[in-house]
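User: I am new to this model. Please take a close look at one part of it for me.

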Amino acid sequence: MKKILLFMCSLMCCAMLQAQTGTITGVVANEATGAGLSGLNVTVIENGATTVTNVDGGYSFSNLPYNTYTIQISADGFEATTLSVKVDKATVDAGRTTLHVDDNKGAIDNIPTVTISESDLKETSSAAISSALSASRDVFIAAISFNFSALRFRFRGYDDENFITLMNGAPMTDLTNGRTAYFTWSGLNDVMRSREANLGLNAASYTYGNIGGSYFIDSRASKQRKQIQASYSLSNRSYDNRFMLTYGSGWMKGGWAVSGSVSRRWANEGFIRGTFSDGYSYFLAVDKKINNKHMLSLTTFAAPNKTGRSAPATQEQIDLAGDVFYNSAWGYQNGKVRNINVAKNFEPTTILTHEWKISDRTQLVTAASMLMGTTSRTAFDWYNAPDPRPEYYKNLPSYYETPAIAQELSAYLKANPDAMQIQWDELYEANRLNNVEFKNVDGIAGNNITGKRSLYIVEDRKVRNSVFNLNTYINTLVGQNITLNAGLTFQKQKSNYYKEVADLLGGDFYVDVNRFAEFDAVDVNAPSIQNDINRPNRILKVGDRFGYDYDAFVTKGTAWANSVIKFKKIDVFGGIELSNSSFYRNGKTRFGLFPDDSYGKAAKQSFTNYQAKAGVTYKINGRNYLFINGGLLTRAPFFENAYLSPRSRNQVAPSLQNEKVTTVEGGYLLRAPRLKARAVAYMTMFKNQVNTLSYFSEDFNQFVNLTTTGIEKTHKGLELAVEYNLGLGITVSAVSALGQYIYTNRPLLTVTQDNTAAPLAENQTVYINNFHIAAGPQSASTVGIAYRSKNFWFVTMNVNYFDEVYTDLFTYRRTVAATDLIVPESELWNTVLKQPGFEGQMTVDFFGGWSWRANNKFKSLKHPTFIVLSVGVSNILNNEDLITGGFEQARYRTTVGDFATFSQPRTFRGFGRTFLINLALRMN
Amino acid sequence: MKKHFKIYFLMLSLLAVITSCVKNEIDEPPTGGSDPIVSGTKITIDSLKKYFTGSNKQINDDVYIEAIVNADDRSGNIYKELIVQDATGGMAFQIDESNFYTDFPVGRKVFVKLKGLWIADNSGVLNVGGYIDLSGALGRIPLALIPNFILKGSYYHPVPVDTIDITMATDALINKLVYFKKVEFVDYNNTYADAVNQQDENRDIQDCNGNVILMRNSGYANFAGEKLPRLNGNLTAVLQKYNADFQLKFAILKMWHL
C-alpha cells in the first residue's frame with residue numbers, strides 16, 4: 001500500500017516537468033437552425049482522445065502538445081466532418097463547425113438489442129456486457145456486445161461481479177450477489193444511449209471500476225436528444241412487438257429540461273414454444289440548471305415485465321422431442337399452453353444527481369439512488385405426490401437398465417410428444433380428488449378442517465429489494481497533465497427472500513410443512529416437520545407466505561482515488577480502493593429442523609477489502625500505442641454464496657473468506673484515420689472461490705448441500721480487432737476474442753446433510769485441475785463488412801464463429817468417493833470424468849438501415865421530421881446447434897444402465913434464424 | 001404546439017390500444033372423472049390370469065380389464081403396487097410411481113390396456129408389470145408409460161368386500177379386499193412396524209378359534225409407529241400371498257374397526 005502511494009506521489013512530481021501543451025475548444029451547430037448540437041462524438045485522430053459535445057454543442061481537448069491535429073466530428077458512427085487545427089498557444093479556438101443534420105443517426109441506434117432476453121439474464125449470471133448497452137463506436141466492444149451476445153459470450157469469461165455499472169452517478173449493483181440488474185431498465189433503449197464503457201483496468205473518472213471494466217449510463221434529461229420519437233418493432237425473438245414513445249425537451253426556459261419514455265413489448269409466444277413476454281417500461285427525467293455551477297437531476301424509471309421462460313434440456317430430451325428448442329416448462333391446461341416458469345420483475349428506481357462545477361478544472365458529482373421492488377419466479381411445489389415435472393429423470397428412457405423397456409418408453413414418447421410436457425389437467429384432478437381431513441390446524445389440538453388439500457401448487461419465489469446508495473466523486477485537473485479522481489460510496493440493501501402460494505390448482509388449501517422433514521420423521525406430529533414452529537400447521541391460501549422467509553442486510557462503504565498523468569511519450573495511471581462490507585441473515589421463521597439456528601439475526605459477517613491498479617501507456621507516436629496495466633484485489637464473499645442453506649438456517653459455508661484476484665493486461669493500439677487495430681493479451685487469476693449447491697443426492701439418498709472451497713481459476717487470452725475504412729463508404733472489420741479459462745488447482749469438497757447440518761463427507765479432493773470453466777464461448781470471432789451510402793442507408797454483414805463452449809462441472813463426480821469402483825481408463829471412467837464440450841459453430845448476421853427526411857416532401861412540416869427503418873436478421877443460415885452453455889446434472893449413480901445418457905448435461909441454446917424490423921418516426 | 005398535441009393524442013391512443021393484455025387469466029380445466037372409451041376386447045381379471053401358463057408372458061392381444069382400485073399408497077404402507085379387483089378376482093400392477101394415490105385413489109375405476117404388458121410370477125403370485133428386467137424379474141411399468149396402459153375412469157366407487165374366515169383364504173381371493181370379523185393381534189405390545197429404523201414387520205392375527213394369518217406392515221407407513229390394538233375387532237384388508245404364506249395388507253389404518 002505504502003509503495004503505491006509513494007509511486008503515485010513520485011509520478012505527480014515528475015509531471016511538473018512538461019512540454020508545452022495547449023487546449024482546443026470549438027462548437028458544433030446545426031446548419032439550418034444555428035442551434036448547438038449536443039451528443040456528437042468528437043475525436044482527436046492523432047491521440048484517440050474522444051469527447052461528446054455538451055448541450056450547447058461545445059467541446060474541448062486539453063493537454064495537447066504543440067502540433068497540428070485532425071479533429072473528427074461524428075454522430076453515432078456516421079463520419080460527419082474533419083477539421084485540421086494547429087495548437088501553438090495555450091488555447092486555440094477551432095471555431096464553429098456547422099453540420100447539415102441529415103439524421104441518419106436513428107438507424108444505427110436501433111441496433112437490435114434483444115438477443116439476450118430479460119429472462120436469461122438472471123439465471124446464468126448473464127453476459128458480462130449487457131446488450132442493453134448496445135453497440136459502441138469501438139469495433140471490439142461493438143462485436144462483443146452485438147455479434148457475440150447471441151451466444152452469451154462473456155468479456156474475458158468474467159462473472160458479473162467483475163463489472164460495475166453506474167447510472168447518473170449512482171452504482172446499480174445488487175450487493176447480495178455483485179450483479180447488475182440490467183432488466184430494471186429494459187425497453188428504455190432510447191433514453192439510455194448516452195454512455196461510456198471502460199473495458200478492463202483503465203482509469204475511469206466516475207468509479208474505481210472493476211477488473212472487467214465499468215459503464216456509465218447518463219440518462220439525465222439534458223443529455224437526451226430534443227425530439228419526439230415513436231417507433232414500432234416487429235420481431236420473432238423474445239418479443240414479437242414493441243412500441244416505444246420518447247420525448248426530450250432539450251434545455252427550456254428557466255434552465256429546465258425534461259424527458260420521458262414509455263415502451264411496451266410482448267409476445268404471446270416467443271421464439272421457443274411455450275415462452276412469452278409481456279413488458280412495460282416508463283422513464284421520466286427532469287433537470288434543473290440552478291446556475292452555471294449547479295445542476296440538479298431527477299430520474300425515475302421502471303420496467304415491469306413478465307416472461308414465461310424455457311428450461312434447459314438434455315440431448316436425450318431433444319432427440320425424443322425431435323426439437324432442438326424443446327422446452328419442458330409448459331403444458332396444456334384445458335387446451336391452452338401454460339408455462340410453469342414465469343418470471344416477474346418490477347423494481348422502480350429513482351436517482352437524484354447533483355453536478356457541481358466548482359471551477360473550470362474541478363467538478364463534484366453527488367448521486368443518491370433508491371430502488372424498491374420485487375423480482376419473482378414461479379415453480380411447482382408438491383406434497384406427498386409424484387414429481388410433476390416432465391424433466392424428472394424417471395420419466396426418461398435412460399433411467400431404465402433394461403434395453404427393451406427403455407426402447408418402448410422412447411417409442412411412446414416419440415409418438416406422444418405431449419407426454420413430455422406438463423400435465424396440468426391431471427394436477428388439477430389429483431388436487432380435487434384429495435378431499436381429506438387435516439388435523440390440528442395452527443397447532444391447536446382438535447382444530448380440524450376437511451377440504452381439498454392441494455397436492456400440487458404453483459409457488460412464487462420472491463425477492464423484495466430495498467436498496468439505497470449514496471455516491472459522490474470529484475474530478476479535478478491539476479496543472480496541465482494530471483487528472484485526479486476520488487470518490488466515496490455508501491450502499492445499504494435489504495433483500496427479503498420468501499415464497500408465496502400463487503395457485504392452488506383446483507384445491508382448497510395447502511399446509512406450511514416441510515415434506516422432506518416429514519419423510520424422515522418418526523413421528524408425523526414432531527415439530528421438526530414444521531417450516532415455522534412459531535406458526536405450526538398453518539393453512540395456506542393464495543397469496544400466503546410459506547416455506548422460508550428471511551432477510552439479507554448488507555451494507556458497504558467504499559473510498560477510492562485514481563490519477564492519470566500524461567507525459568509527452570507516456571501516460572501513467574494508478575488507482576486504489578478501500579472498502580468495508582458487512583452482512584447478516586435475519587430469519588423470520590423458526591425452521592423445524594433448526595429451531596435454534598434459524599430465527600432472528602445471525603452473526604454479522606464483516607470484511608475489509610482493497611483493490612489497487614496501475615498502468616503505463618507508451619505513445620510511440622500519435623497513432624501507435626503500447627500499454628500494460630496490472631491490478632489486484634480482494635473481494636468479500638457475497639451474501640448469496642455465504643450461507644450453506646439460507647432458507648433454513650444461519651450456518652455459513654466452510655472457509656468463508658475473501659477471494660483474491662490478480663490481473664494483468666497489455667497490448668498494442670493503432671488509431672489511424674482509416675485503420676484502427678487492437679491486440680491485447682490478458683491473464684487473470686482468481687483464488688479462494690467458493691461454490692455452494694443444494695440438491696437431492698441419490699448417493700446419499702437425501703437433500704444435501706455441496707460446498708466446493710478454495711477454487712483457483714485462470715483466465716487468459718488474446719483480443720484482436722482491426723477495422724479498415726476502404727473509402728467509398730465501405731468498412732471491413734475483423735475481431736477475435738480467443739480465451740482459455742481453466743481451473744488451476746484441486747479444490748476441496750464438503751457434503752452436508754441439509755436436514756441435520758451433519759457433514760457426510762469433508763474436504764474431499766476434487767480432481768479438476770486444468771478443466772474448463774463454463775463461461776460461454778471461450779473463443780469468438782467475427783468478420784464484417786459495412787457499406788454506408790451517402791443517400792442515408794447502410795448495410796452490414798457479419799460472419800461469426802464461436803468455439804470452446806463447456807458445461808459447468810458437477811464437482812462430486814471428480815472425487816475418489818465417486819469413482820473408486822470404476823475401472824480406470826474404462827469407457828465408463830472416461831464418460832464420468834470427461835468434461836462435455838461442444839463443436840464450434842458459425843452464424844451469419846445482417847443489419848441494415850435507411851432514413852428519410854420527410855420535410856423534403858412535406859414542406860409544411862415545421863420541425864425536421866424523419867422516418868427511419870432498420871432491419872436485422874440474425875443467424876441467417878438458421879444454425880440450430882448453437883449451444884451457449886450448460887451444466888452437468890447433480891445426479892450420480894454409475895450403476896444405472898446407460899450412464900452416458902443418464903448423465904447428459906442440460907444445455908442452453910441460442911435461437912435459430914430471427915429477425916427484427918424497426919420503424920421510427922422522429923420529430924426534432 | 002397544437003400540432004404537437006395532435007401527435008401526442010394520436011400516440012397516446014395508439015398506446016392505449018397496444019397495452020391491452022397479452023396473457024389472460026388462466027382458466028381451470030373442467031372436473032374429470034368420466035370413464036374413457038377403450039378400444040379392444042374387455043376381459044376379466046380371471047381370464048387375464050389365464051395368460052400365464054407356467055412362464056412369464058407378454059400379452060400380445062388387444063385386450064383390457066375394467067377394475068376398481070382397492071388399495072393405494074396414501075399411508076405409505078403400499079409401495080409401487082397398484083392393486084385392483086373386479087368381480088372375478090384381484091390383481092397387483094407393478095408401477096414405478098410413488099404416491100400413486102394422487103392418480104389412482106381407492107374407489108377409482110381403471111381401464112388397463114394389457115397389450116405389451118407382462119404377466120409373471122412374483123414370489124409365488126401372479127403380477128402384471130412393464131417388462132422383464134436383466135435379472136429375469138418382473139419390472140415395474142415406467143412412470144412415463146403408466147398413462148399409456150392404465151387409463152383413469154370415474155371415481156368414488158364403493159369397493160366390494162368378501163367376508164371370510166381366516167381358514168377361507170384361497171388363491172382366488174388374492175389381491176381382493178377381504179373382511180374378517182372378531183380377530184385380534186397376537187403380540188399387541190408391539191407397534192405395527194419398526195418406524196425408527198423404517199423396517200417392515202410381520203404381525204400375527206388370530207381369530208377366536210386360534211387360526212392365524214400374517215399381516216405385513218411397512219416401516220414407511222404413517223401408522224408404523226402406532227401401538228397395535230389390544231381388543232378384538234373387525235378388519236378389512238387386501239389379501240396377498242408371499243410364496244406359500246397368505247398375508248394381509250392395510251391401505252390405511254382405518255381398515256381396522258372395533
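This is a predicted model: local features need pLDDT of at least 70, side-chain atom pairs count only at pLDDT 80 or more; totals for chains, interfaces and linings use all residues.

Analyst: Residues are numbered from 1 along each chain as its sequence is written, chains are lettered from A and ligands numbered from 1 in the order in which they are written, and side-chain values use heavy atoms, without hydrogens and water.

Chain B has three helices and 18 strands. These are DSSP runs: helices are H or I, at least four residues, and strands are E, at least two. Of its 258 residues, 51% are buried, meaning under 20% relative accessible area with a 1.4 Å probe, protein chains only.

Now the interface. Chain A and chain B bury about 4,500 Å² between them. That is the accessible area (1.4 Å probe) that the two parts lose on being put together, summed over both. Carbon and sulfur atoms carry 61% of it. Chain A brings 53 residues to the contact and chain B brings 51; contact means heavy atoms within 4.5 Å. Y412(A), R432(A) and L433(A) supply 13% of the area that chain A buries against chain B, more than any other three residues.

Three salt bridges link the chains. Each needs a side-chain nitrogen of Lys or Arg within 4 Å of a carboxyl oxygen of Asp or Glu. One pairs E429(A) with R108(B), whose closest N and O atoms are 2.9 Å apart. On the side of chain A that touches chain B, α7(A) gives the largest share, seven residues.

Conventions. Buried means under 20% relative accessible area, exposed over 50%, partly exposed in between (1.4 Å probe, protein chains only).
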